[in-house]
Amino acid sequence: ARQNVTILAEDSSQILGVTVTNAETRGTGVWIENGNPVVSNSTFVSNNREGIFVSGRSEPVIENNQFAYNGGNGISVTREAKGLIRGNVFLDTGFGLAIGHDAAPVVENNQIRQNRVGVVVTQQARPILRGNTIENNSEYGVVAIAQSQPEIASSNVFQNNDRTDTFIAREPQGVPPTPTVAMGEQKTVDSPTDDYLEEYGI
């Protein structure tokens, strides 16, 4: 489907100290397709879909930003993207982060709170989560579905997520993901969670 993008980040570009809003249908604040741009000290608020969309083989550095009141996700990371997501605040922004396909970003030292779900990981994604505070989300702290294998370090802090801290759902074929969960309550179910895949938006 056609996307509506406010800023298309080019390779080696820098997006610093701006406020980005895109209220249009399927509106995204910043689109990163390839390369290694830096996005820092900015605010992403009231974007219809997500604040930042990361795809391709890009390896951006996204740090010290604020994400609030976005309709879908704070950040979506897809395809084979990697990069560093560090020191950001995700507040009341749908899913704080949605990570899918074969993406493997490092997500560290973020404040992820008061969202619907803190982090959703699906398909074959293998993100590394460390040093994050994931709290007061209205459903789950982390959801991992399909064949995803997030590495969740013991340095993450989970507290006061309404349903449970981590929700691990099996594939339809009955093969579970095998994330490394060093702390937090884990719940595993046998049925797929199509509602998350549909709302994931990628």
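**Exercise 1. The chain as a whole**

How many helices and strands are there in the protein chain?

*Solution.* 
- Start with the source: this is a predicted model.
- Take the secondary structure. The protein chain holds one helix and 24 strands.
- Turn to burial. Of its 202 residues, 52% count as buried.
- Look at the contacts. Take those between residues at least 6 apart in sequence; 38% of them join residues at least 24 apart.

**Exercise 2. Strand 13 and its partners**

Which strands are joined to strand 13 by bridges, and do they run parallel or antiparallel to it? Describe the cover of strand 13 as well.

*Solution.* 
- Locate the strand. Strand 13 spans residues 95-99.
- Check its cover. Five of its five residues are buried, which makes strand 13 mostly covered.
- Find one partner. Strand 10 (residues 73-77) runs parallel to strand 13, with four bridges between them.
- Pick a facing pair here: isoleucine 75 is opposite leucine 97 of strand 13.
- Find another partner. Strand 16 (residues 117-121) is also joined to strand 13 by four bridges, again in parallel.
- Pick a pair on this side: phenylalanine 95 has valine 117 of strand 16 as its bridge partner.

**Exercise 3. Asparagine 22**

Is asparagine 22 buried or exposed?

*Solution.* 
- Asparagine 22 sits in the loop between strand 3 (19-20) and strand 4 (27-32).
- Apply the cut-off. Buried means under 20% relative accessible area. Asparagine 22 has 4% relative accessibility, so it counts as buried.
- Follow the side chain. The asparagine 22 side chain reaches the backbone oxygen of threonine 28 at 3.3 Å.
- List the contacts. Beyond four places in sequence, asparagine 22 contacts Asn4, Val5, Thr6, Gly27, Thr28, Ser46, Asn47 and Asn48.

**Exercise 4. Arginine 130**

Why does arginine 130 count as partly exposed? Name its strand and its contacts.

*Solution.* 
- Arginine 130 belongs to strand 17 (residues 128-130).
- Apply the cut-offs. Partly exposed lies between the buried limit, under 20%, and the exposed limit, over 50%. Arginine 130 counts as partly exposed because its relative accessibility is 36%.
- Check a C-alpha distance. Arginine 130 and valine 107 are 23 residues apart along the chain, and their C-alpha atoms are 6.4 Å apart.
- List the contacts. Setting aside residues up to four places away in sequence, arginine 130 touches Val106, Val107, Glu108, Asn109, Ala153, Ser155 and Asn156.

Methods: Residues numbered from 1 in each chain as written. Predicted model: local features only at pLDDT ≥ 70, side-chain atom pairs only at ≥ 80, totals over all residues. Heavy atoms only, no water. Buried < 20%, exposed > 50% of the residue type's maximum accessible area, 1.4 Å probe, protein only. Helix = DSSP H or I, 4+ residues; strand = E, 2+ residues; numbered from the N terminus. Pairing = 2+ DSSP bridges. Contact = heavy atoms within 4.5 Å. Polar contact = N/O pair within 3.5 Å; in protein donor to acceptor, adjacent residues only side chain to side chain.
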